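Here is a walk through one protein chain, from its overall order to some of its details. Keep the structure in view as you read.

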Amino acid sequence: MAPFGALAVNSTVLRDQLDKGGVTPGVLGEFTPISELRITYKMNTMVRMGGKLTPADVQTAPHVWFPKVHNGTQYTLIMLNAEYKQGAPYLHWLVTNIDGQRPATDIANQIPFHQYNPYLPPVAQDTAYKIVFGLYEQSSNNRTFPGAPADRANFNPQKFALEHALTPVAGLYFYL
């Protein structure tokens, strides 16, 4: 099925940027984006692919926007520190059952949706590290996720997606 929403940026360009940052295939697995994420903190600090933010910028959950991919589909969003403790990912946020019915799905305005892991802001470390957002299309709507990660450390997004029949559709990363 062809994507419903139109990309403002070519999917090949998005894929090249994710490859350059080691997000694909390293963190989110092998995929070609068919949607794009637009993320802002405090409504005025936009996340740019591969850009840099400060801990002060990311203290509250971001405003997340994406064009729907298919009619009637729901989505799952993850946010993780891809380089936590010698490269093992740390889960900062997991949101499921995001409505994709609108041309622009704004998570901040979604009620109800389910946060299995409420937003936990990243903190400063001695060196810059990569924060990754992954957007996944769910195989069915209004899903519950038995075995959703209780432990945020060592989160494996590829394994989680496989176990829960999630298809990656978009990714974005920045450095903190």
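In what order do the elements of the protein chain run from the N terminus on? They run α-α-β-β-β-β-β-α-β-β-β-β-α-β. The protein chain has four helices and 10 strands. Helices (H or I, at least four residues) and strands (E, at least two) are DSSP runs, numbered from the N terminus.

This is a predicted model, in which local features need pLDDT of at least 70 and side-chain atom pairs count only at pLDDT 80 or more, while totals for chains, interfaces and linings use all residues. Residues are numbered from 1 along each chain as its sequence is written, and side-chain values use heavy atoms, with hydrogens and water left out.

Of the 176 residues of the protein chain, 48% count as buried. Buried means under 20% relative accessible area, exposed over 50%, and partly exposed in between (1.4 Å probe, protein chains only). Now take contacts, meaning heavy atoms within 4.5 Å. Among those with a separation of 6 or more, 72% join residues 24 or more positions apart.

Start with helix H1, residues 11–20. Asparagine 10 caps its N-terminal end. A side-chain oxygen of asparagine 10 lies 2.5 Å from the backbone nitrogen of threonine 12. Which residues of H1 are buried? They are Leu14, Arg15 and Leu18. These residues cover an arc of only 100° around the axis, so they sit on the same side of H1. The arc is that of the directions from the helix axis to the C-beta atoms. The buried residues of H1 pack against helix H2 (23–27) and S10. Just after H1, glycine 22 takes a positive phi of about 75°.

H2 holds proline 25. The peptide bond from threonine 24 to proline 25 is cis, with omega near -5°. Most residues other than glycine have a negative phi, and most peptide bonds are trans.

Next comes the largest pocket, with about 220 Å³ of space. On a 1 Å grid over the protein atoms alone, a pocket is an open set of points where a 1.4 Å probe fits, with protein on both sides within 12 Å along at least five of seven lines; lining residues have an atom within 4 Å of a point. Grid points are joined across faces, edges and corners, and a volume is the space filled by probe spheres set on the points. Of the 15 residues that line the largest pocket, Glu36, Leu37, Val47, Met49 and Leu172 are the closest to its centre. H1 and strand S10 (166–175) each supply at least two lining residues. S10 gives the most, with three.

Now turn to glutamine 138, in strand S9 (residues 130–138). Is glutamine 138 buried or exposed? Glutamine 138 is buried, with a relative accessible area of 5%. Its contacts include Thr73, Tyr75, Asn97, Phe145 and Leu166. A polar atom of the glutamine 138 side chain lies 2.8 Å from the backbone nitrogen of asparagine 97.

Asparagine 97 lies in strand S6 (residues 90–99). Its phi is near 60°, a positive value in a residue other than glycine. Asparagine 97 counts as buried, at 10% relative accessibility. Asparagine 154 also has a phi near 60°, again positive in a residue other than glycine. Asparagine 154 lies in the loop between S9 and helix H4 (157–163). At 55% relative accessibility, asparagine 154 counts as exposed.

Definitions and conventions:
Polar contact = N/O pair within 3.5 Å; in protein donor to acceptor, adjacent residues only side chain to side chain. Lists of a residue's contacts leave out its neighbours within four places in sequence.
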